[in-house]
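This report describes how one structure is put together, topic by topic. Please look at the sequence and the model first.

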There are 2 protein chains.
Amino acid sequence: MSFSPLIRQLIDALRILPGVGQKSAQRMALQMLERDRSGGLRLAQALSRAMEGVGYCRQCRTLSEDEICPQCADPRRDDSLLCVVQSPMDVFAVEQTGFRGRYFVLKGHLSPLDGLGPEAIGIPELLERVANATFAEVILATNPTVEGEATAHYIAQMLAPKGLAVSRIAHGVPLGGELDLVDGGTLAHALAGRKPISV
Amino acid sequence: MSFSPLIRQLIDALRILPGVGQKSAQRMALQMLERDRSGGLRLAQALSRAMEGVGYCRQCRTLSEDEICPQCADPRRDDSLLCVVQSPMDVFAVEQTGFRGRYFVLKGHLSPLDGLGPEAIGIPELLERVANATFAEVILATNPTVEGEATAHYIAQMLAPKGLAVSRIAHGVPLGGELDLVDGGTLAHALAGRKPISV
């Protein structure tokens, strides 16, 4: 069957959303048309406003429509702590933990094979940010992947001469679940990083 | 954390999509902002065009921006067969099978408890459509649920005096999978509806 052109275009356009295939896109399109046209119009408006209006924070480089994002603008946050992450999504994840220091958002991780060197992911800007502020500690919260580890290691080397504490988020077993489901590498890290229990 | 207002509004708006919760909406919003703004703008445009431009086919009542949908307008289709379904999505499903007759789309199924009688779902219009055409057979393809069966049964009664064949899609075991996973009701239907094998 041929959907009529407007519906077909809507289905095609919905497929740019992550995790949305042909079938879900059809369901989304027809459901909105059948049941929630005003919601669909609100979504259209929110999309075009965000796509056109949202840029990057000048200071931490997370997504924001203001020159300085809410986290950077907040005077009550801890100016001695800087948390370095790979993406704006990670800022959100770290915020959920209650962390209230400052952030710096890289553009992904180092990947020499893809031509992504330190400049491409924003390491010079990070060094500049550190030089212009009074952080006591930089926490490297890049992903716990090979590339994320390599990126953290590289940044730690760059920051070493600056005379501030540089730390990496801990590796170990995640909370919940069962020990025999944890992969060997993680468990090895958890053993190596064991801590005395004080009673 | 607070996302900035435009991002927050986009995340809220994305949640009207079926199957999209808070977490997926965040991922969709940030991913579009980071990687595919032109796709996001195209989606905004497709949405507003479809929400404003798509109506219902005057003849079969499926979703269409034209007064007469592509299926009704096509002169090569079989004018002796009418397939009655519950929603525009079902038209698509039946089209996939290679069916090339005409359609009539009800607005859901009869549901007296919710106040949905024959008028609410468009049965008078269906009878009118049948009266004004020369169908030899009406195929009732409402859902294989209690309500869908009741709706099919009601329509069959209404059509009985019109002197045309009225049929219901077959119930039985679906293709693929294993017999012991099929529910009892379906298996009972499959046994009762068994057919001789010609060799």
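## How the copies meet

Of the interface residues of chain B, 100% are also interface residues in chain A, so the copies meet through the same surface. Contact, here and below, means heavy atoms within 4.5 Å.

Chain B is superposed on chain A by a rotation of 179 degrees with 0.0 Å of shift along its axis, and the RMSD is 0.1 Å. That is the relation of a two-fold axis. In chain B, Ala44(B) has the C-alpha nearest the axis, 2.0 Å from it. The superposition is by least squares on the C-alpha atoms of residues with pLDDT of at least 70 in both copies.

## Basis of the description

The model is predicted: local features need pLDDT of at least 70, side-chain atom pairs count only at pLDDT 80 or more, and totals for chains, interfaces and linings use all residues. Residues are numbered from 1 along each chain as its sequence is written, chains are lettered from A and ligands numbered from 1 in the order in which they are written, and side-chain values use heavy atoms, with hydrogens and water left out.

## Domains of chain A

The domain assignment divides chain A into domain 1 (5–53) and domain 2 (68–168). Such bounds come from an automatic or database domain assignment. The C-alpha centres of domain 1 and domain 2 of chain A lie 35 Å apart.

## The sheet of chain B

Chain B has an open sheet of 4 strands in the order E4-E3-E5-E6, with parallel pairing. Strand E4 (102–105) and strand E6 (165–168) of chain B stand at the edges with a single partner strand each, so one side of each has no neighbour in the sheet. From one strand to the next, the twist averages 25 degrees. Helices (H or I, at least four residues) and strands (E, at least two) are DSSP runs, numbered from the N terminus, and two strands pair if DSSP finds at least two bridges between them.

Strand E3 (residues 81–85) and strand E5 (residues 137–140) of chain B pair in the parallel sense over 4 bridges. Within E5(B), Ile139(B) stands opposite Cys83(B). Helix H5 (residues 88–96) of chain B packs on the sheet, where it touches E3 and E4 of chain B, and its direction makes about 155 degrees with that of E4(B). Helix H7 (residues 123–131) of chain B also packs on the sheet, touching E3, E4 and E5 of chain B, at about 160 degrees to the direction of E4(B). For these angles, axes are lines fitted to C-alpha atoms, for helices over the stretch in contact, and angles run from 0 to 180 degrees between N-to-C directions.

In H5(B), the residues Pro88(B), Asp90(B), Val91(B), Phe92(B), Val94(B) and Glu95(B) are buried. Buried means under 20% relative accessible area, exposed over 50%, and partly exposed in between (1.4 Å probe, protein chains only). The cover over these residues includes helix H2 (22–35) of chain A, together with E2, helix H4 (70–73), E3 and E4 of chain B. After H5(B) comes Gly98(B), with a positive phi near 100 degrees.

The loop between E3 and H5 of chain B holds Gln86(B), which is buried with a relative accessible area of 7%. Leaving aside neighbours within four places in sequence, Gln86(B) is in contact with several residues, among them Val105(B), His109(B), Thr142(B) and Gly148(B).

## Strand E4 of chain A

In chain A, 4 bridges join strand E3 (residues 81–85) to E4(A), and the two run parallel. Leu82(A) has Arg102(A) as its bridge partner in E4(A). Arg102(A) and Phe104(A) point one way from strand E4 (residues 102–105) of chain A, Tyr103(A) and Val105(A) point the other way, and all are buried.

## Cysteines and Arg61

Over all chains, the search finds 0 disulfides, a disulfide being a pair of cysteine sulfur atoms within 2.5 Å. The sulfur of Cys72(A) is 3.7 Å from the closest cysteine sulfur, in Cys60(A), which is too far for a bond. Cys60(B) is in no disulfide either, and the nearest cysteine sulfur, that of Cys69(B), is 3.6 Å away. Cys60(B) is buried, with a relative accessible area of 1%.

Most residues other than glycine have a negative phi. Arg61(A) has a positive phi of about 70 degrees and is found in the loop between strand E1 (55–56) and strand E2 (63–64) of chain A. Arg61(A) is buried, with a relative accessible area of 18%.
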